Amino acid sequence: MRIVLVGPPGAGKGTQAAYLAKNLSIPHISTGDLFRANISQGTDLGKEAKSYMDAGNLVPDSVTIAMAEDRLDQDDAGQGFLLDGFPRNLGQAEALDGYLKDKGVKLDAVLDLEVPEDEVVKRIAGRRICRNDSSHVFHVDYHKPKTEGVCDICGGDLYQREDDREATVRKRLEVYHTETEPIIDHYKAQDLVVTIPALGKVDEVTRRAMAALGKGE
Ligand code: AP5
């Protein structure tokens, strides 16, 4: 399947993507994770992306679209993928439409994770991420690691993302409303959008998403 996950910062895209990708046997492609990997490796792309990310702004399309297409070109994405955080504005959505058209394939669904804004703020404020693997995501109240500050999965240090500070989160939410929400109408016009209420336990949300994809038990 070819799926796009949309939702405000902190909606649980990364959390759900990890389970959905495993259940559906498709790669989880997160542009945020790709940028963070470039930052930790000190690449030129990482250096360019960091200033935009730290300010809560989108990284320019010129770099983001090329990076996403390079990743989609890899063999493991040939039979399907779960995109998390891309596309994030109309220019990127149109670029993805063109890319898929050239390959002769189509998206199956755009899952829109719906969460009230006060919940999103609580989720982001308590989020902790593993330094070894950014797909290992915890929360100080909702998904506590067994030992504070230590990843249950690999024993790595847990840290708070630089862009999870309050002022930056406010900016990211504003950017989501102005830049990203319009892509939902773009995909509604293609009859691809399924809205998933994303309040409740992580596994309940996963079940709703799987059912929406016609993969329920
Ligand atoms: P990115 O990394 O994509 O961040 P985001 O979209 O802001 O989303 P988050 O990672 O903050 O949240 P999430 O929805 O994945 O939530 P999570 O699962 O962690 O992008 C970061 C930056 O990179 C952007 O600001 C931009 O600068 C740049 N960028 C990335 N893509 C780009 C693009 N295409 N174009 C341009 N720039 C781009 O969950 C949050 C917390 O809640 C966790 O602690 C989790 O444990 C907890 N939680 C999850 N589900 C539940 C639940 N059901 N109940 C209780 N707690 C829950």
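Tutor: One definition to start: two strands pair if DSSP finds at least two bridges between them. Keep in mind that this is a predicted model.

Student: OK. Which residue stands opposite I129 in β6?

Tutor: V137 of β6 stands opposite I129. In β6, F138 is the residue opposite R128.

Student: How many bridges join β5 to β6, and in which sense do they run?

Tutor: Three bridges join them, and the strands run antiparallel. β5 covers residues 127-130 and β6 covers residues 137-139. The two form a hairpin, with six residues between them.

Student: What does β5 do with β7?

Tutor: β5 also pairs with β7, residues 158-159, in the antiparallel sense over two bridges. L158 in β7 is the bridge partner of C130.

Student: So what is the strand order in that sheet?

Tutor: The order is β6-β5-β7, an open sheet of three strands with antiparallel pairing. β6 and β7 stand at the edges with a single partner strand each, so one side of each has no neighbour in the sheet.

Student: Where does G155 lie?

Tutor: G155 is in the loop between β6 and β7.

Student: Buried, exposed or partly exposed?

Tutor: G155 counts as partly exposed because its relative accessibility is 45%, and the exposed class starts over 50%. As for distance, the C-alpha atoms of G155 and A66 are separated by 34 Å, and the two residues are 89 apart along the chain.

Student: Which way do the side chains point?

Tutor: R2, V4 and V6 point one way from β1, while I3 and L5 point the other way, and all are buried. In a regular strand the side chains alternate between the two faces of the sheet.

Student: Which strands does β1 pair with?

Tutor: β1 pairs with β3, residues 81-84, in the parallel sense over four bridges. Four bridges also join β1 to β4, and that pair runs parallel.

Student: D112, noted. What is T195 in contact with, leaving aside neighbours within four places in sequence?

Tutor: T195 is in contact with D112 and E114. T195 is found in strand β8.

Student: Is T195 buried or exposed, or partly exposed?

Tutor: Its relative accessible area is 39%, so T195 is partly exposed.

Student: Now the helices. Which residues of α9 are buried?

Tutor: V205, T206, A209 and M210 are buried in α9, which spans residues 202-212. They sit on the same side of α9, because they cover an arc of only 135 degrees around the axis. Residues three or four places apart point the same way, because an α-helix has 3.6 residues a turn.

Student: What covers them?

Tutor: The cover includes α1 (13-24), β4 (109-114) and β8 (193-197).

Student: And how do α1 and α9 pack?

Tutor: Their axes are 10 Å apart and the angle is about 50 degrees. That angle makes α1 oblique to α9. α1 passes α9 in a right-handed crossing. The α1 side of the contact is T15, Q16, Y19, L20, N23 and L24, and the α9 side is V202, V205, T206, A209 and M210.

Student: What comes just after α9?

Tutor: G214, which takes a positive phi of about 75 degrees.

Student: Last pair: at what angle do α2 and α3 pack?

Tutor: About 120 degrees, with axes 8 Å apart; α2 is residues 31-41 and α3 is residues 44-54. They are therefore oblique to each other, because the roughly perpendicular range ends at 115.

Student: Which handedness, left or right, and which residues meet?

Tutor: α2 passes α3 in a left-handed crossing. G32, F35, R36, N38 and I39 of α2 meet L45, G46, A49, K50 and M53 of α3.

Terms used. Residues numbered from 1 in each chain as written. Predicted model: local features only at pLDDT ≥ 70, side-chain atom pairs only at ≥ 80, totals over all residues. Heavy atoms only, no water. Buried < 20%, exposed > 50% of the residue type's maximum accessible area, 1.4 Å probe, protein only. Arc of directions from axis to C-beta. Contact = heavy atoms within 4.5 Å. Axes fitted to C-alpha atoms, helices over the stretch in contact; angles between N-to-C directions. Parallel < 35°, antiparallel > 145°, perpendicular 65-115°, else oblique. Left-handed = near helix turned anticlockwise from the far one by under 90°.
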